[in-house]
Amino acid sequence: SSGINAEYGGTGAVLMRGAGCTINDMYDIDIDKRVARTRNRPLASGRLNLKQATAWLTIQAGLSSLILFNLNVGTIALGISSLFLVGAYPYMKRITDYPQLFLGLTFNYGALMGYCACTGTLGITPLALYAAGIGWTLVYDT
């Protein structure tokens, strides 16, 4: 059972990280066009349009949902609550001087979900891992 959860978790993490990147690129398309580092992203460069990005996001979210709803109730609740973070992160660059903190909260949420998927509970161990991941994100992304 834990092996299946690890497989689900890894695939779900890749899908949701990708969905987060898709959402970010959709929100930032106009900004990305004006920044040298981001102007070659698929949406900013015009290689993809918003309709195509929305279709891809729907596929990512749909596959993620199929995985999520095969996990325990606690993990499902965590997964649903993570959508706030995934959807809100791109706006944090506009309203705070610390968007990396929100990025850390978002990208490291999988530590909580993975632990809960394998054990059915949360506790100090996953919270410590989550906090360490947030700290790491602040260091590498600042």
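Trainee: At what angle do H7 and H8 pack, and how far apart are their axes?

Mentor: In this predicted model, H7 and H8 pack at about 160 degrees with their axes 8 Å apart. Axes are lines fitted to C-alpha atoms, for helices over the stretch in contact, and angles run from 0 to 180 degrees between N-to-C directions. Helices are DSSP runs of H or I with at least four residues, numbered from the N terminus.

Trainee: Why is H7 called roughly antiparallel to H8?

Mentor: Angles over 145 degrees count as roughly antiparallel, under 35 as roughly parallel, 65 to 115 as roughly perpendicular and the rest as oblique. The angle is about 160 degrees, and therefore H7 is roughly antiparallel to H8.

Trainee: Which residues of H7 and H8 meet, and what is their division by class?

Mentor: Tyr-109, Ala-111, Leu-112 and Tyr-115 of H7 meet Thr-125, Pro-126, Leu-127, Leu-129 and Tyr-130 of H8. The contact has 8 nonpolar, 1 polar and no charged residues. Nonpolar covers Ala, Val, Leu, Ile, Met, Phe, Trp, Tyr, Cys and Pro; charged covers Asp, Glu, Lys and Arg; the others, Gly among them, are polar.

Trainee: What makes a set of residues a nonpolar core, and which helix supplies the largest share of the largest one?

Mentor: The members are buried Ala, Val, Leu, Ile, Met, Phe, Trp, Tyr and Cys residues joined through side-chain atoms within 4.5 Å. The largest core has 15 residues, and Leu-85 and Tyr-130 are among those with the most contacts inside it. The largest share of this core, 6 residues, comes from H5.

Trainee: On what basis are residues numbered and values computed?

Mentor: Residues are numbered from 1 along each chain as its sequence is written. Local features need pLDDT of at least 70 and side-chain atom pairs count only at pLDDT 80 or more, while totals for chains, interfaces and linings use all residues; side-chain values use heavy atoms, leaving out hydrogens and water.

Conventions: Buried means under 20% relative accessible area, exposed over 50%, partly exposed in between (1.4 Å probe, protein chains only). Helices (H or I, at least four residues) and strands (E, at least two) are DSSP runs, numbered from the N terminus. Contact means heavy atoms within 4.5 Å.
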